Each structure stands twice: as C-alpha cells, then as structure tokens.
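Trainee: I am new to this structure and would like to learn how to read it. Could we begin with the surroundings of a single residue?

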Amino acid sequence: MTARTGRTSRLRFALALAPLLLGASALLAGSAAGAVSVAFAGEVPVTVHAARVAGSGVSASPGASGHGGLLPALATRVERATVHDACVTSTARLPVVGAVTAVVRIERAAATGLTVETGKTTAGSVKLSGATFGTPQRAPDRPTGLFTVGAEQVSGSRVTTQPHAFTAGTITSRGVAIEVRRAEGGCEPGAAR
C-alpha cells in the first residue's frame, strides 16, 4: 500500500475552484444588473485603471490599512462616484496552477457611500471645486499632525490606483466582462477596453 501526500490533480483543483469562481461571477453579474452592497479587503494586490472618474462629497485623510494597521494609506470617502471605462486586474499565485490573473472590464459604474484605502493613486489630470483643507488640533497650540482634504466635486482622467480595501453602500455597473487566465498581466493604463 502506497500513500500519496502533497498532490492534488488538476481536475480536483478545478472542481474545488469552480464554486468560488461561480460565486464571484454571480456577485459581479448581480452588481451589473442592479445595486449591491460591496466590501473588499485582501492580501492579493488589485490594480484599477479608469479613463474617467468623478465624485461629489469627497474627503480624504491619512491612516493605516491592513492587518494590524501595517500599511500606510490615504482613506478617501466619496458620497457619490462614477467611473467610466475601468479595468480591474488581480494576479494570484495558486499551488499547482501557478499565476492566475482575473481581469474585470467595466463600461460604467456608479457608487454611493464609497470609502477607499489606498497606498498609491496616479492621474493624468485632476479638477477640484469647493476644495477644503484642515488640520485637527488637540489644543489651540498642539496640532495632531494629521490633515483632512475635501472637495464638493472632483474629476480625474487616466486614473490608476491600488486599493488595500474598499467599502460601498451600493455599486451599480453596466457593460461588465470578466476573464480569468493562466498567466500574469492585466490592463495597460488608460486602456480599459
């Protein structure tokens, strides 16, 4: 009698992975058809590219994200946000299979009550209206060292961000396409389609 240990056949792995992929597809398809509550926080890096982003009721302040508050982050709250021509990519390294990349392309998405914690964001251009800046103070002569920036309206083009976590009250999407492939890669900046 011989015992096999430490090996999983590709068929068994695919069968075990199928419910997870079906659940993720159902969630994204449900968000494409209507509005859903969404929360994300994970260890697998995610990159979001968008041709255009707009928001109202925006406030941002520095903080920490991740397990035990290990990652510095800018926490941004947007009351209403819209994103046009977005591409979301994430690559995970799975046992036996290797690198697997998920690519989600979204023609248009709208969100309410959106909070994003990110360590890096870039944009080709940004426009603010009704901008504010504040430094909270413990006492009149002792600032906390933190700050808050805000704006009534914000818009940006060619935006790329790598969120650590996000939450949203509702997200509605139109024109969603999901692809999972064996390999690394993703979207080129500004090329959501």
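Mentor: Happy to! Contact means heavy atoms within 4.5 Å. Leaving out residues up to four places away in sequence, T89 touches P45, V46, T47, A102, V103, G186 and C187. This is a predicted model: local features need pLDDT of at least 70, side-chain atom pairs count only at pLDDT 80 or more, and totals for chains, interfaces and linings use all residues. Residues are numbered from 1 along each chain as its sequence is written, and side-chain values use heavy atoms, with hydrogens and water left out.

Trainee: Is T89 buried or exposed?

Mentor: Buried means under 20% relative accessible area, exposed over 50%, partly exposed in between (1.4 Å probe, protein chains only). T89 counts as buried because its relative accessibility is 8%. Across the protein chain, buried residues make up 25% of the 193 residues.

Trainee: Which element holds T89?

Mentor: Helices (H or I, at least four residues) and strands (E, at least two) are DSSP runs, numbered from the N terminus. T89 lies in strand 3, residues 71–94. The protein chain has one helix and nine strands.

Trainee: Which residues make up the largest nonpolar core?

Mentor: A nonpolar core is a set of buried Ala, Val, Leu, Ile, Met, Phe, Trp, Tyr and Cys residues joined through side-chain atoms within 4.5 Å. Here the largest one has eight residues: V58, V78, A81, A111, L114, V116, A168 and I171. Strand 3, strand 4 (98–122) and strand 9 (148–182) each give two or more residues to this core, and the largest share, three residues, comes from strand 4.
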